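Grab a pencil and work through these exercises with the model open beside you. Try each task before you read its solution.

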Amino acid sequence: MKKPGKNIPELKGRSLLLHVCCGPCAAGCVERLLAHYDRVGLYYSNSNICTADEFEKRLCYVRELADHFDLPLSVDSYDHASWLSVTEEYREEPEGGLRCGRCFGYSLGRAAAAADRLGYESFATSLTVSPRKSSDLVFAAGREYSGFTEWNFKKDSGYLRGLELAKGWNFYRQDFCGCEFSLRSREKSGANGQR
Ligand code: SF4
């Protein structure tokens with residue numbers, strides 16, 4: 001297991017529920033958290049994903065991740081219609097804009113409720129590991145909920161460590177963020193590469 005880096009936020013208790021966006025992003029985060037908490041659990045809540053098939057595909061590797069680390073995993077129900085109703089007004093926003101702020105708030109609100117229900121003192125999210133996501137935007141959404149802990153997992157090469165683990169375990173690595181808007185912009189640009 002890798003040594004934890006220096007970038008440690010103020011911890012809120014000894015237990016933490018990690019909101020997990022996908023296996024590759026969460027892999028390095030989990031490794032880091034285990035060095036700091038007595039109890040870590042995983043929470044997969046991703047109604048932002050545009051199809052149920054893609055939701056299930058990513059979930060499959062999150063289950064593998066939970067098995068690798070022997071951690072409990074809770075899975076939120078998939079309700080893309082509800083997510084769309086919350087982000088609707090910003091559908092034309094580019095990736096990284098206001099729609100994404102709403103999107104983060106949607107999932108983090110659900111993670112906060114799950115942490116409370118499941119008896120975790122705090123929660124964080126693997127969303128901050130991606131170099132394509134502003135940690136400040138994620139933090140702004142998370143600060144709306146008590147117990148949110150500002151783990152900035154992209155620090156200390158967190159993204160590369162996740163990739164390393166994901167490659168070793170042969171995890172599926174998607175090439176778009178998740179919603180239909182991100183899929184369309186990926187198709188338009190023709191770009192690909194793991195997200
Ligand atoms: S691009 Fe990603 S973060 Fe932004 S709204 Fe879509 S799924 Fe959410």
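**Exercise 1.** How many residues does the largest nonpolar core have, and which have the most contacts inside it?

*Solution.* Before you start, note that this is a predicted model: local features need pLDDT of at least 70, side-chain atom pairs count only at pLDDT 80 or more, and totals for chains, interfaces and linings use all residues. Residues are numbered from 1 along each chain as its sequence is written.

Step 1: know the term. A nonpolar core is a set of buried Ala, Val, Leu, Ile, Met, Phe, Trp, Tyr and Cys residues joined through C-beta atoms within 7 Å (buried: 20 or more other C-beta atoms within 10 Å of a residue's own, placed from the backbone).

Step 2: the largest such core has 44 residues, and L16, L18, A26, V62 and F123 have the most contacts inside it.

Step 3: α4 (98-118) is one of the elements that each supply at least two core residues. (Helices, H or I, of at least four residues and strands, E, of at least two are DSSP runs, numbered from the N terminus.)

**Exercise 2.** Find the strand order of the open sheet, then its edges.

*Solution.* Step 1: the four strands run β3-β2-β1-β4, with parallel pairing (a pair needs at least two DSSP bridges).

Step 1: β3 (73-75) and β4 each have a single partner strand, so one side of each lacks a neighbour in the sheet.

Step 2: zoom in on β2 and β3, which are joined by three bridges. Y43 has S74 in β3 as its bridge partner.

Notes. Buried ≥ 20, exposed ≤ 12 C-beta atoms within 10 Å, placed from the backbone.
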